[in-house]
Amino acid sequence: MEGESSTWLAGGPGGADRLAHLIPVALRALDAGVAERGGPIPAGGPAAVAAALAATGNAGAAPAARGGHDVLRSGTPGAEAGSSATPRAPQPAALSSAAGLPLHGVGAERALEELGTLLASGAADPADPKCAAHLHCPPLAVAVAADVVASALNPSMDSWDQAPVASELERQFSTGIARLCYPDAVRPDAVVTSGGTESNLLGLLLARETAGSAIRPVCGANSHHSVARAAWLLGLPAPVVVPCADDRMVPSALAEALAPLGAQAVVVATAGTTNTGRIDPLTEIAGICRRTGARLHVDAAYGGLALCSATLRTRVAGLELADSVALDLHKFGWQPVAAGLFAAREATDLAALTVRAEYLNADDDTEAGLPDLLGRSLHTSRRPDAFRMAVTVRALGVQGIGALVERCCATASGVHGLVADHPALRSWGPPELSTVVFRPRAADELPGSAGDDLVARVRRTLLEEGTAVIGRGVLPTGPEGSPQLWLKLTLLHPHATEADYRPILDAVVTAAAALRTAVVRESPVAS
C-alpha cells in the first residue's frame, strides 16, 4: 500500500469522512450490478459465471499495466503509484497476479466499482421474489447500515477491553432473547452464534456436559443435517432417528425410542423444518422428555421468531419447555448472515463454555469486575453481530418483527391457494410457516424415477435461464412411502405478494411441459 495507512482507515479521526466518500461508490456499483443482472440470478449456470470472471481478468488480478493508477483515487493525500518519489521494491516471483492476487493496487474506488459491480451482477438476490429457494432472507437496510458502523469500529468480542459498549449491548440483547424464549424461567440466558448449525452443536455439547459422554442424541427424520454432524464432532453415537408423519416427529415413536435410554438421551425437536416448515408437537414432546428424564433441545432456527407475533406464537407453544433453543435472525429477522442465537433455560448450563486464557480473561480481571466474554462463545475473535440485531429490534420493536413474520406466512398461504387451484400443479399441503411445497402434475404422470427426473430438470432449467431460484426437497409421498422429489418456495420477502410468485408457478408448468418429452425419451423406465 502506498501512502500513509491512516488515509485508508475506516475508524479514528476522519474515518467517517473516508467512508462517506467510498460508500456511495460501493452503492453505485451495487445498483449497476443489479441492473446488469436483470433477474434473481445470472443466467447460464456455473459455466457462464466462470466465463464472466475470466473475462474480467480473473476478477482480483490487476494486470501490470494498471500499476500506474493512484492507490486511492478519492482525493485523499497519498503517494502516486509508480512515481519517482516512491519507487516500487522488486516483487517476489511467487506473488503473481496470475494467481488472482494483484501485485499492484488499482485504488479503492476502482476496486469497489469493478468488484462491487461484478458481485452484484453475479449474485443470487434474495431481495428478488423470484429468488425463493432457501432460508436466505433479504436483509433490512437498517441492519446493513448498522453493520457498517460495527465493521468500521471492529470490536472483537473476545475480551471486554476490545469491546466495552458492544459487550454490554450484546449482554442486554441476549438477555432479552432469553426472556422471549423463556418468559417464566428464573434465570435464562442466551449467547450469539453463527447460526443454527453452531447452535445445535451447542445444544448437544451442553447436554453431554450435563448428562455425561454416554448420552445418546435422538431426533426426528425431519431434523436438520447439522444434528448428525454435531454428534459426530462431539464423539457421540449417531442419533436415533424417530419416524415422522406429515414431516413432524411422531410422539408415540419418540416415547418408544426413549424407553431404553431415559435420562441418557438428548432429544432434538424441530420448529420449522427445512423441507416444509413443519413444527414438531413441542408440548407433547416436552412432556415425554420430562417423564423419561431426557434433555430437550429445539432447533427453532426457522420458526422461533414466531414468538414475536401474538397471532403466530401459539404455533411454537412448548418452546419454553425446552432446555435449550436455537434461533436464527438471518431467516425471520432479516439480518445479514450470520445472526444465530442459542438460548438456555438455565444460565448455569452455559458454564460449560468457560475457558481461561490469561491474556483475555485472567482471574484477577474477572474478580475485579471485567466481564468474561471468552466464555460466551466457542469462538475467540468474533464480530459484534448482536449490534445490528439490537439496532433492528430497537428500530422495529418485537411487534414490528412479528408483523413481518405474519406477512410472510400470510403470503405463503395465498401462494398455496394458487397452487391448489392450478390444474397443472399438486400441493403437498398447507404451509405452517412460509414454505410452499408443490409438484407439477406432469411428473406424476411418469413412471418410476422419471417423475423425479422431470422435477429436478425443471428446477435446474429455471435456474440456468436466470428465471427463478426455487428449492427442492425429498418427502416420503411415493408408493408405500417411497421418496419423491418436490419443489418448494421459501418465502422470506416481507413485502412480496401472491402476484409476485404467480409467474414462478407458471414458469414451472411451462418448463415441465417442455421437458416432459425429453425425459420420456431418455428414461429407460418411462420408455
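Reader: Hello! Are Phe332 and Trp334 buried or exposed?
Author: Happy to start there. This is a predicted model, in which local features need pLDDT of at least 70 and side-chain atom pairs count only at pLDDT 80 or more, while totals for chains, interfaces and linings use all residues. Residues are numbered from 1 along each chain as its sequence is written, and side-chain values use heavy atoms, with hydrogens and water left out. With buried meaning under 20% relative accessible area, exposed over 50% and partly exposed in between (1.4 Å probe, protein chains only), both Phe332 and Trp334 are buried.

Reader: How many aromatic pairs does the whole structure hold?
Author: Rings of Phe, Tyr and Trp (its six-membered ring) pair if their centres lie within 6.5 Å; planes under 30 degrees apart count as stacked, over 60 as edge-to-face and the rest as tilted. Searching the whole structure on that basis gives an aromatic pair count of 2.

Reader: Why is the pair of Tyr302 and Phe332 classed as it is?
Author: The ring centres are 5.5 Å apart and the planes stand at 45°, so the pair of Tyr302 and Phe332 is tilted. Helices (H or I, at least four residues) and strands (E, at least two) are DSSP runs, numbered from the N terminus. Tyr302 sits in the loop between strands E7 (295-299) and E8 (324-328), and Phe332, 30 residues away, in the loop between E8 and E9 (340-344), so distant parts of the chain are linked. In short, the planes' 45° angle makes this pair tilted.

Reader: How many residues of strand E6 are buried?
Author: Both faces of the strand, residues 265-270, are covered: Ala265, Val267 and Ala269 are buried on one side, and Val266, Val268 and Thr270 on the other. E6 is largely enclosed by the rest of the structure, because its buried residues number 6 of the 6.

Reader: Which helix lies in the β-α-β unit with E6 and E7?
Author: Two strands pair if DSSP finds at least two bridges between them; E6 and E7 run parallel, joined by 5 bridges, with Leu296 of E7 as the bridge partner of Val267. A crossover is right-handed if, with the strands pointing away from the viewer, the path from the first strand over the helix to the second runs clockwise. This unit is right-handed, and the helix in it, residues 282-292, is H9.
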